[in-house]
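Dear colleague,

Please find the structure for your reading below.

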Amino acid sequence: MDPKREAKTVPLLLARITDGEKAVKKGDILVPELLARGMKVNVGDMVVVIATNRDGSVNGKQLKVGGILESATGPGGRDGYVHIEDAVEILRMEELEISEIAVRVKEFRRLHEVFGRLEAGLSGS
């Protein structure tokens with residue numbers, strides 16, 4: 001994640017950190033409570049994150065648990081957060097690649113309008 005941009009899109013994310021510094025820093029990972037309990041890790045512990053890049057290469061990096069999140073994100077509360085620069089390194093990207101974009105719509109009634117504009121813009125129409 002890009003910490004500055006994520007805070008604009010998901011402003012309550014940092015408030016959901018129950019233990020640790022309310023920030024995402026390079027070299028750190030935010031771990032959901034469910035995963036932290038299962039792995040028996042605490043803030044300050046070191047963990048190894050392993051990921052497969054798009055070429056099928058398996059890569060890893062040691063990160064420090066910078067914070068514990070309330071388990072409310074992702075399927076089953078298993079999604080953690082790392083700094084975008086760490087993700088680039090772990091996945092050995094030659095240039096920045098993004099697989100997910102979060103959009104915040106302040107007026108829910110405009111959801112379909114915003115979706116239509118995004119869809120048209122992304123499809124090249």
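This is a predicted model: local features need pLDDT of at least 70, side-chain atom pairs count only at pLDDT 80 or more; totals for chains, interfaces and linings use all residues.

Residues are numbered from 1 along each chain as its sequence is written, and side-chain values use heavy atoms, with hydrogens and water left out.

In soluble globular proteins, nonpolar side chains tend to be buried together. A nonpolar core here is a set of buried Ala, Val, Leu, Ile, Met, Phe, Trp, Tyr and Cys residues joined through side-chain atoms within 4.5 Å; buried means under 20% relative accessible area, exposed over 50%, and partly exposed in between, with a 1.4 Å probe and protein chains only. The largest nonpolar core has 11 residues, among them Ile-29, Val-41, Val-47, Leu-63 and Val-65. Strand E2 (28–32), E4 and H3 each supply at least two residues of this core, and E4 gives the largest share, 3 residues. Helices (H or I, at least four residues) and strands (E, at least two) are DSSP runs, numbered from the N terminus. Val-47 is in contact (heavy atoms within 4.5 Å) with Ile-29, Met-39, Val-41, Lys-61, Gln-62, Leu-63 and Val-65, leaving aside its neighbours within four places in sequence.

Two loop residues may be set side by side. Asn-53, in the loop between E3 and strand E4 (58–69), counts as buried because its relative accessibility is 13%. Leaving aside neighbours within four places in sequence, Asn-53 is in contact with Asn-59, Leu-91 and Arg-92. Arg-78 is in the loop between E4 and E5, and counts as exposed because its relative accessibility is 57%.

Lastly, the pocket. A pocket is an open set of points on a 1 Å grid over the protein atoms alone, where a 1.4 Å probe fits, with protein on both sides within 12 Å along at least five of seven lines; lining residues have an atom within 4 Å of a point. The largest pocket holds about 1,400 Å³ of space, a volume being the space filled by probe spheres set on the points, which are joined across faces, edges and corners. Its lining has 36 residues, and Met-1, Ile-84, Ile-98, Ser-99 and Glu-100 lie nearest the centre of the pocket.

A colleague
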